Amino acid sequence: MALLSVQNLRAYYRTEVYGISRIVRAVDGVSLELQRNEIYGLAGESSCGKTTLIKVISGTIKPPLRVEEGKVHYQFGSFEIDMLHISPEDLRRNVRWKEISYIMQGSMSVLNPVRRVITTFYDIVTTHQGYTDRKAFLGQVRAHISKLGLPPDVLNLYPHQLSGGMRQRVAIALATIFQPSLIIADEPTTALDVVVQRGVLQMLKEIQAESNNTVLLVTHDLAVHANVADRVAIMYAGRIVEEAPTSLIFNAPRHPYTQHLIRSLPMIGDRSSRASLPGAPPNLANPPGGCRFHPRCPHVMDICRVEVPEMMTLPGNQRVACHLLAEGRR
Ligand SMILES: Nc1ncnc2c1ncn2[C@@H]1O[C@H](COP(=O)(O)OP(=O)(O)OP(=O)(O)O)[C@@H](O)[C@H]1O
Ligand SMILES: [Mg+2]
């Protein structure tokens, strides 16, 4: 059984400014499953709804964000939860950090700027594990830190004294102290240069390989997914348009949007110019009907303007939501 099953999820921001109400349909009909022991990559341009989706998945929804419809169900080793109906107390006590860790976009958020790293570890360990005596606590944290290859002195520093890469490693170390079933990392390496980036991703990969848990890695950077993810999902304007094992999505993308993204990747030695797509991703407060990609799609058909394409499963565990495929089958 899947670790996480998301079904037909819709989550909107409902705001009211000067009496004018506005609905941003940031997640609009997403279904996906995360398996145990895999790195699942979620990609898509800025503002397509990646962070909103993981806010719902991780149970960190705050107004004006609201879930309109759908299911978010987890099956952990010994118990299951319905994320949309769990009590905040149950979530805090039994799920957060222990089963699901969420490394938020911008790593500073988890580290308190006026406290040493060790104090943040102390707060988290004592809150979620119950009281530990100081010596046992220090032993646990030092062992964890050294297993991840971090120097022990980072514990005595303040967050501003750490480099960006080190800060991100510390955030990952914090997120993994209880060996959670799912680690969600939102753009963990976006602010880092490529060399540092590689080290941070390597660390995430090693942690996953050792504990066989699940990592949901969110980044717009396809090169990162190519190197790290087992499967990749491509989001466009609040919906998943394609999902497949990594090599398949890079070698044989089926959705015109995915094909465009992959064709735009730079390749060494290839100096030919890259075709760009007309237009820009839609405003999610007023998205186009039918397939949201249709205004930019080079293969647009009449049906695309009116009907939302259903997700179809193709051989090789490739899922694609595009009318072209259904047309081809008729
Ligand atoms: N608090 C909010 N109130 C209203 N709209 C919001 C709010 N937060 C996000 N949005 C809107 O929801 C949409 C999806 O945003 P989201 O942050 O999920 O995108 P993203 O894919 O994570 O982008 P990025 O790659 O830039 O992080 C955007 O149109 C954004 O403007
Ligand atoms: Mg984001």
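A residue is termed buried if 20 or more other C-beta atoms lie within 10 Å of its own, exposed if 12 or fewer do, and partly exposed in between, with C-beta atoms placed from the backbone. The model is predicted: local features need pLDDT of at least 70, side-chain atom pairs count only at pLDDT 80 or more, and totals for chains, interfaces and linings use all residues. Residues are numbered from 1 along each chain as its sequence is written, and chains are lettered from A and ligands numbered from 1 in the order in which they are written.

**Figure 1. Helix α1 and its buried residues.** Helix α1 is mostly covered, with 7 of its 8 residues buried. Lys50, Thr52, Leu53, Ile54, Lys55, Val56 and Ile57 are the buried residues of this helix. Helices (H or I, at least four residues) and strands (E, at least two) are DSSP runs, numbered from the N terminus.

**Figure 2. The residues around ligand 1.** Which residues come nearest to ligand 1? Of the 16 residues around the ligand, these are Tyr13, Ser46, Lys50, Thr51 and Thr52. A residue is counted as near the ligand if its C-beta atom, placed from the backbone, lies within 6 Å of it. Elements β1 (4–17), β2 (20–34) and α1 (50–57) each give two or more residues to this shell. The largest share, 3 residues, comes from α1. By class, the shell holds 6 nonpolar, 9 polar and 1 charged residues. In this classification Ala, Val, Leu, Ile, Met, Phe, Trp, Tyr, Cys and Pro are nonpolar, Asp, Glu, Lys and Arg are charged, and the others, Gly among them, are polar.

**Figure 3. The packing of helices α5 and α6.** The axes of α5 (residues 164–175) and α6 (residues 194–211) come within 9 Å and cross at roughly 10°. The two helices are therefore roughly parallel; angles under 35 degrees count as roughly parallel, over 145 as roughly antiparallel, 65 to 115 as roughly perpendicular and the rest as oblique. Helix α5 contributes Gly164, Gly165, Gln168, Arg169 and Ile172 to the contact, and α6 contributes Val196, Gly199, Val200, Met203 and Leu204. The contact comprises 5 nonpolar, 4 polar and 1 charged residues. Axes are lines fitted to C-alpha atoms, for helices over the stretch in contact, and angles run from 0 to 180 degrees between N-to-C directions. Two residues are in contact if their C-beta atoms, placed from the backbone, lie within 7 Å.

**Figure 4. The packing of helices α3 and α4.** Helix α3 (residues 117–129) packs against helix α4 (residues 134–147) at an angle of about 110°, with the axes 11 Å apart. These helices are therefore roughly perpendicular to each other. The crossing of α3 over α4 is right-handed; a crossing has this hand if the near helix is turned clockwise from the far one by less than a right angle, and is left-handed if anticlockwise. Phe121, Tyr122 and Val125 of α3 meet Phe137, Gln140 and Val141 of α4. This contact has 5 nonpolar, 1 polar and no charged residues.

**Figure 5. The surroundings of Ile184.** Ile184 belongs to strand β7 (residues 182–186). Ile184 counts as buried because 25 C-beta neighbours lie inside 10 Å. Apart from neighbours within four places in sequence, Ile184 contacts Ile54, Ile57, Ser58, Ile100, Ser101, Tyr102, Ile103 and Leu216.

Figure 6. Is His225, with its 25 other C-beta atoms within 10 Å, buried or exposed? His225, placed in helix α7 (residues 222–228), is buried. Beyond neighbours within four places in sequence, His225 is in contact with Gly41, Ala43, Thr219, Val232 and Thr246.

Figure 7. The peptide bond from Pro63 to Pro64 is cis, with omega near 5°; Pro64 lies in the loop between α1 and β4 (65–75). Glu187, in the loop between β7 and α6, has a positive phi near 45° and is not a glycine. With 19 other C-beta atoms within 10 Å, Glu187 is partly exposed. Asn317, in the loop between β11 (312–314) and β12 (318–320), likewise has a positive phi, of about 65°, without being a glycine. Asn317 counts as exposed, with 11 C-beta neighbours inside 10 Å.
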